[in-house]
Amino acid sequence: MPKAKLQAITVGGSAAEVEVAFYDALQKGDVAQLMACWADEDDIVCVHPGGARLIGAGAIRAAFEALLSHGAVPVHLEHVQSVEALASSVHSVIERIEIDTPAGRHEAWVIATNVYHKTAQGWRMVAHHASPGTPHKPLPLTDGPAVLH
């Protein structure tokens with residue numbers, strides 16, 4: 001299968017800006033904007049809550065097209081914890097998702113990890129891994145001990 005050409009996003013110089021564009025695309029249901037956040041690499045990876053590992057832009061695009069075929073995803077970042085390096089950034093995020101059901105609006109929370117690399121085109125997502133959702137808000141982040149042992 002030929003490699004899908006990605007249209008680079010035009011946001012500036014940080015992984016955080018790419019993350020904002022990614023979640024904005026989910027909220028708008030914009031697959032083109034969403035895919036522009038991803039690196040143009042064969043080995044990018046995405047795992048949706050409870051889903052299979054998707055490798056490559058074609059598989060990732062198809063999954064998001066299917067997801068967004070029902071409309072935009074009302075997802076909001078509650079907490080972002082990031083680890084920054086010169087050419088990579090790893091973000092642990094808590095996503096709050098609004099779900100409309102016949103019984104009314106409910107909320108679900110998903111813990112996700114987003115990994116960004118600095119490429120020739122700027123910062124781009126190379127991995128998105130989301131846990132199965134839960135109807136219970138996760139406990140607040142806590143600082144662990146400074147020494148492992």
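Reader: Why is phenylalanine 64 called buried?

Author: Its relative accessible area is 2%. Buried means under 20%, exposed over 50%, and partly exposed in between, with a 1.4 Å probe and protein chains only. The value falls under the cut-off, so phenylalanine 64 is buried.

Reader: What are the ground rules here?

Author: This is a predicted model; local features need pLDDT of at least 70, side-chain atom pairs count only at pLDDT 80 or more, and totals for chains, interfaces and linings use all residues. Residues are numbered from 1 along each chain as its sequence is written, and side-chain values use heavy atoms, with hydrogens and water left out.

Reader: How many aromatic pairs does the structure hold?

Author: Three. Rings of Phe, Tyr and Trp (its six-membered ring) pair if their centres lie within 6.5 Å; planes under 30 degrees apart are stacked, over 60 edge-to-face, the rest tilted. Phenylalanine 22 and tyrosine 23 form one, at 5.1 Å between centres and 90° between planes.

Reader: What makes phenylalanine 22 and phenylalanine 64 an edge-to-face pair?

Author: Their ring centres are 6.0 Å apart and their planes stand at 90°. The distance is within the limit and the angle is over 60, so the pair is edge-to-face. The two residues lie 42 apart in the chain, phenylalanine 22 in helix 1 and phenylalanine 64 in helix 3. Ring pairs link Phe22, Tyr23, Trp38 and Phe64 into a cluster.

Reader: How do you know that the length of helix 1 agrees with its number of residues?

Author: Helices are DSSP runs (H or I, at least four residues), strands are E runs of at least two, and both are numbered from the N terminus. The expected span is 1.5 Å times one less than the number of residues. For the 14 residues of helix 1 that gives 20 Å, and the end C-alpha atoms are 20 Å apart, so the two agree.

Reader: Which residues of the largest nonpolar core touch the most other members?

Author: Phe22, Leu26, Leu34, Trp38, Ile60 and Phe64, out of 33 residues. Such a core is a set of buried Ala, Val, Leu, Ile, Met, Phe, Trp, Tyr and Cys residues joined through side-chain atoms within 4.5 Å. Helix 1 supplies seven residues, the largest share.

Reader: What makes aspartate 24 and lysine 28 a salt bridge?

Author: Their closest N and O atoms are 3.1 Å apart. The term asks for a side-chain nitrogen of Lys or Arg within 4 Å of a carboxyl oxygen of Asp or Glu. The pair therefore qualifies. Both residues lie in helix 1, four residues apart, about one turn of the helix. Aspartate 24 has a relative accessible area of 29%, so it is partly exposed.

Reader: Which residue does arginine 96 meet in a salt bridge?

Author: Glutamate 78, at 2.7 Å from N to O. Arginine 96 sits in strand 4 and glutamate 78 in strand 3, 18 residues apart. At 17%, arginine 96 counts as buried; at 27%, glutamate 78 is partly exposed.

Reader: Why does the pair of lysine 137 and glutamate 78 tie together separate parts of the chain?

Author: Their closest N and O atoms are 3.8 Å apart, which makes a salt bridge. Lysine 137 lies in the segment after strand 6 and glutamate 78 in strand 3, so the parts joined are 59 residues apart in sequence. Shared partners join Glu78, Arg96, Glu98, Asp100, Arg105, Glu107 and Lys137 into one network.
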